[in-house]
Amino acid sequence: MELELARHHWDDGRRRVEEARRDDRRRYDSLMREIELVLAVLRSRVGQTFTLVELADVYDDADLWVRDLLDDADPEGSLRAEPGVVADAAFDRYSHGASDYRP
């Protein structure tokens, strides 16, 4: 995926989580738990030293593995999983650690 498009998606995810923080604390708490799960996977898949392009490469198939991750973490479906928002917000947060990160 093109880096600028990926960053646009990531920024949108961050904004949606911020909206939940203001408007729906329960949803926000759920999103944050799920984001932490994705961040743990990113740490193992991407590592500590990476560029934004490398992160965008991992993002290409994130919709598949994030959905599986959230399903595995909550097999009963009791959480209101929003895999797209969760993935985008997690990638946004993780992107801040990229060696070439610029806001």
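D11 and R15 both sit in helix α1, four residues apart, about one turn of the helix. Helices here are DSSP runs of H or I with at least four residues, numbered from the N terminus. D11 and R15 form a salt bridge, and their closest N and O atoms are 2.4 Å apart. By salt bridge I mean a side-chain nitrogen of Lys or Arg within 4 Å of a carboxyl oxygen of Asp or Glu.

Before going on, the provenance. This is a predicted model, in which local features need pLDDT of at least 70 and side-chain atom pairs count only at pLDDT 80 or more, while totals for chains, interfaces and linings use all residues. Residues are numbered from 1 along each chain as its sequence is written, and side-chain values use heavy atoms, with hydrogens and water left out.

Back to R15. D12 also forms a salt bridge with R15, with the closest N and O atoms 3.3 Å apart. D12 and R15 are three residues apart in helix α1, so about one helical turn separates them.

The cut-offs are under 20% relative accessible area for buried and over 50% for exposed, with partly exposed in between, using a 1.4 Å probe and protein chains only.

How many salt bridges does the structure hold? There are eight. One of them pairs E36 with R93, the closest N and O atoms being 2.8 Å apart. This pair links distant parts of the chain, since E36 is in helix α2 and R93 is in helix α5, 57 residues apart. E36 counts as partly exposed at 35% relative accessibility, and R93 is partly exposed at 39%. Through shared partners, salt bridges join D11, D12, R14, R15, E18 and D92 into one network. As background, side chains of opposite charge can pair when their charged atoms come close.

Next, the core. The largest nonpolar core has 31 residues, and W10, L42, L55, W65 and F91 have the most contacts inside it. A nonpolar core is a set of buried Ala, Val, Leu, Ile, Met, Phe, Trp, Tyr and Cys residues joined through side-chain atoms within 4.5 Å. At least two residues of this core come from each of α1, α2 (25-46), α3, α4 (62-73) and α5 (83-95). Which helix supplies the largest share? That is α2, with eight residues. In general, nonpolar side chains tend to be buried together in soluble globular proteins.

Take W10, which lies in helix α1. W10 counts as buried, at 1% relative accessibility. Leaving aside neighbours within four places in sequence, W10 is in contact with L52, L55, A56, Y59, D88, A89, F91, D92 and S95. Contact means heavy atoms within 4.5 Å. W10 and A90 are 80 residues apart in sequence, with their C-alpha atoms 7.7 Å apart in space.

W65 is next. With neighbours within four places in sequence left aside, W65 is in contact with V38, V41, L42, R45, V58 and F91.

A56 is in helix α3 and is buried, at a relative accessible area of 1%. A56 and F91 are 35 residues apart in sequence and 8.6 Å apart C-alpha to C-alpha.

Helix α1 (residues 3-23) and helix α3 (residues 52-59) pack at an angle of about 70°, their axes 10 Å apart. The axes are lines fitted to C-alpha atoms, for helices over the stretch in contact, and angles run from 0 to 180 degrees between N-to-C directions. α1 and α3 are therefore roughly perpendicular to each other. That label covers 65 to 115 degrees; under 35 is roughly parallel, over 145 roughly antiparallel, and the rest oblique.

Which residues meet there? From α1 they are L3, A6, R7, H9 and W10, and from α3 they are L52, V53, L55, A56 and Y59. By class, this contact has eight nonpolar residues, one polar and one charged. Nonpolar covers Ala, Val, Leu, Ile, Met, Phe, Trp, Tyr, Cys and Pro; charged covers Asp, Glu, Lys and Arg; the others, Gly among them, are polar.

Last, A20, also placed in helix α1. A20 is buried, with a relative accessible area of 1%. Beyond neighbours within four places in sequence, A20 is in contact with R25, R27, Y28 and L31.
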